[in-house]
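Here are my notes on this model, as numbered points. Please keep the structure open while reading.

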Amino acid sequence: MSLLALFPLKDWRLAYGLTAMVETGTHRGAGVAAAFEAGFPKVFSCDVSVEFVSLAAGFFDTYVQEDSLILHALSSEQALPLMLSALSGPALFFLDAHVNPSMFASDLVDTDANPLPLMRELEIIRQIRGDCERDVFVLDDMAFYLQQYWIGPDQTRIMKLPDCVPELRDAEHLVSLFFPKHTWSVVQNPDVALVLLPRGGR
């Protein structure tokens with residue numbers, strides 16, 4: 001997971017009136033921590049790893065008890081409709097859901113999970129939330145979509161990436177499909193991320 005704290009989250013929150021962060025890929029909770037540090041009053045996060053979600057729930061117990069942090073031990077495709085239905089204003093979306101290849105050698109995750117669900121995530125968000133003209137998006141780890149295969153740590157498991165990947169290789173095409181009312185830039189922080197900001201502020 002990239003360091004979300006390297007982005008100007010507080011500036012975005014104030015400039016665009018963001019009321020929550022929605023994150024796909026809790027991992028070890030760095031994104032959750034960055035959102036609360038930036039003053040977000042509400043954070044929604046999901047991960048296919050029950051272990052990661054349990055760790056985050058324990059570490060951020062106070063926020064969970066206050067109902068400021070809502071965690072889901074589900075795939076992003078399952079969790080997004082739940083998280084989206086709870087939003088009441090503009091939000092920051094940090095879409096970082098992908099299955100680490102090393103996890104396929106363990107029992108941490110369901111190996112049937114979509115390893116790179118970004119396109120499906122965007123389709124769900126667009127279907128439920130419309131054009132998202134007031135929302136901010138960070139699409140992280142875009143470098144994954146430039147690869148054709150993942151090779152497991154033991155060099156024995158080879159996983160072909162989903163057929164949707166070619167559509168995600170062209171940033172301009174992706175923006176035209178899902179974000180016609182946003183400005184965009186590619187940022188390396190050090191991971192490659194696509195950042196989309198509303199045109200004209202609030």
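1. Phe44 has Ile70 in S3 as its bridge partner. Strand S2 (43–46) and strand S3 (69–72) pair in the parallel sense over 4 bridges. Two strands count as paired if DSSP finds at least two bridges between them. Helices (H or I, at least four residues) and strands (E, at least two) are DSSP runs, numbered from the N terminus.

2. Provenance. This is a predicted model, in which local features need pLDDT of at least 70 and side-chain atom pairs count only at pLDDT 80 or more, while totals for chains, interfaces and linings use all residues. Residues are numbered from 1 along each chain as its sequence is written, and side-chain values use heavy atoms, with hydrogens and water left out.

3. The sheet. It is open, with 7 strands in the order S3-S2-S1-S4-S5-S9-S8 and mixed pairing. S3 and strand S8 (182–188) are the edges; each has a single partner strand, so one side of each lacks a neighbour in the sheet. From one strand to the next, the twist averages 15 degrees. Axes here are lines fitted to C-alpha atoms (for helices, over the stretch in contact), and angles run from 0 to 180 degrees between N-to-C directions.

4. Helix H5 (residues 76–85). Ser76, Ala79, Leu80, Met83 and Leu84 are buried. Buried means under 20% relative accessible area, exposed over 50%, partly exposed in between (1.4 Å probe, protein chains only). Down the axis of H5, the buried residues fall within an arc of 130 degrees, so they line one face of the helix. That arc is taken from the directions from the helix axis to the C-beta atoms. The packing partners of these residues are S1 (20–24), S2, S3, S4 (91–95) and helix H6 (118–129). Contact means heavy atoms within 4.5 Å.

5. Helix H6. H6 lies across S1, S4 and strand S5 (136–139). Relative to S4, H6 runs at about 160 degrees.

6. Met21. This residue sits in strand S1. Met21 counts as buried because its relative accessibility is 0%. Beyond its neighbours within four places in sequence, Met21 contacts several residues, including Leu4, Val32, Phe44, Leu92 and Phe94. Leu9, 12 residues away along the chain, has its C-alpha atom 9.9 Å from that of Met21.

7. Cysteines. Cys46 is buried, at 1% relative accessibility. Cys132 is buried too, at 6%. The structure holds 0 disulfides, a disulfide being a pair of cysteine sulfur atoms within 2.5 Å.
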